[in-house]
Amino acid sequence: MQETNEADLEIKYRDKMKAWMMIQVIGQTSVNFLNVKKLSKEMRLYLDMLLGQPPSDHFNGYADQDEAISDLIEFAEYFIDSCKDSKSYRAAIFGTMSMSDAGAAMRLAEDIDQITGRIPEKFGLSESFVPVRRAFFMVFRNKISGAESILSELGIEY
């Protein structure tokens with residue numbers, strides 16, 4: 001039963017996971033005047049995918065904003081649980097060693113900060129990513145032991 005549920009969640013969140021990963025890829029791309037418009041457009045597309053909305057229709061496709069936020073929180077729970085339980089996410093030094101729980105939690109916090117804050121900031125999209133950032137850090141604080149001290153140590157504001 002658990003495997004079926006996990007498979008259902010993988011299908012349900014496939015597009016959101018793709019959007020998350022593509023934002024991470026964009027973050028590694030060199031931004032210059034030749035590609036900034038293209039990358040900004042892609043960032044907006046991936047934001048729309050994270051929010052489960054057609055382009056530029058944030059929250060309007062849901063009966064109300066609460067439903068959209070609820071879906072985003074469910075995805076954040078799925079993502080954080082997946083990272084916490086993943087041996088490959090916890091791998092360090094070319095996969096030869098595993099990170100401690102605290103090390104994995106720090107890496108996860110840094111990834112969330114980068115995807116929901118630093119990368120969107122490069123494209124002037126920080127405000128648009130606020131619902132995503134809030135949802136992810138709320139779930140992070142609920143699921144990770146010592147989350148407040150980790151975020152404080154990393155200087156991450158949410």
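Which side chains does a polar contact of 2.7 Å join? I looked this up first in the predicted model. The side chains are those of Arg133 and Asp113. I took a polar contact as a pair of N or O atoms within 3.5 Å, one able to donate a hydrogen and the other to accept it; residues adjacent in sequence count only if both atoms are side-chain atoms.

Numbering runs from 1 along each chain as its sequence is written, and side-chain values use heavy atoms, without hydrogens and water.

**Arg133.** I found Arg133 in helix 6 (residues 130-143); helices are DSSP runs of H or I, at least four residues. Arg133 is buried at a relative accessible area of 13% (buried: under 20%, 1.4 Å probe, protein chains only). Its side chain also makes a polar contact of 3.1 Å with the side chain of Thr116. I listed what Arg133 touches (heavy atoms within 4.5 Å), leaving out residues up to four places away in sequence: Ile112, Asp113, Thr116, Gly117, Ile156, Glu157 and Tyr158.

**Helices 2 and 3.** I checked helix 2 (residues 14-28) against helix 3 (residues 36-51): their axes come within 8 Å and cross at roughly 150 degrees. Axes are lines fitted to C-alpha atoms over the stretch in contact, with angles from 0 to 180 degrees between N-to-C directions. Helix 2 and helix 3 are therefore roughly antiparallel (over 145 degrees). On helix 2 the contact residues include Trp20 and Ile23; on helix 3, they include Met43 and Tyr46.

Key. This is a predicted model: local features need pLDDT of at least 70, side-chain atom pairs count only at pLDDT 80 or more; totals for chains, interfaces and linings use all residues. Helices (H or I, at least four residues) and strands (E, at least two) are DSSP runs, numbered from the N terminus. Angles under 35 degrees count as roughly parallel, over 145 as roughly antiparallel, 65 to 115 as roughly perpendicular and the rest as oblique. Buried means under 20% relative accessible area, exposed over 50%, partly exposed in between (1.4 Å probe, protein chains only).
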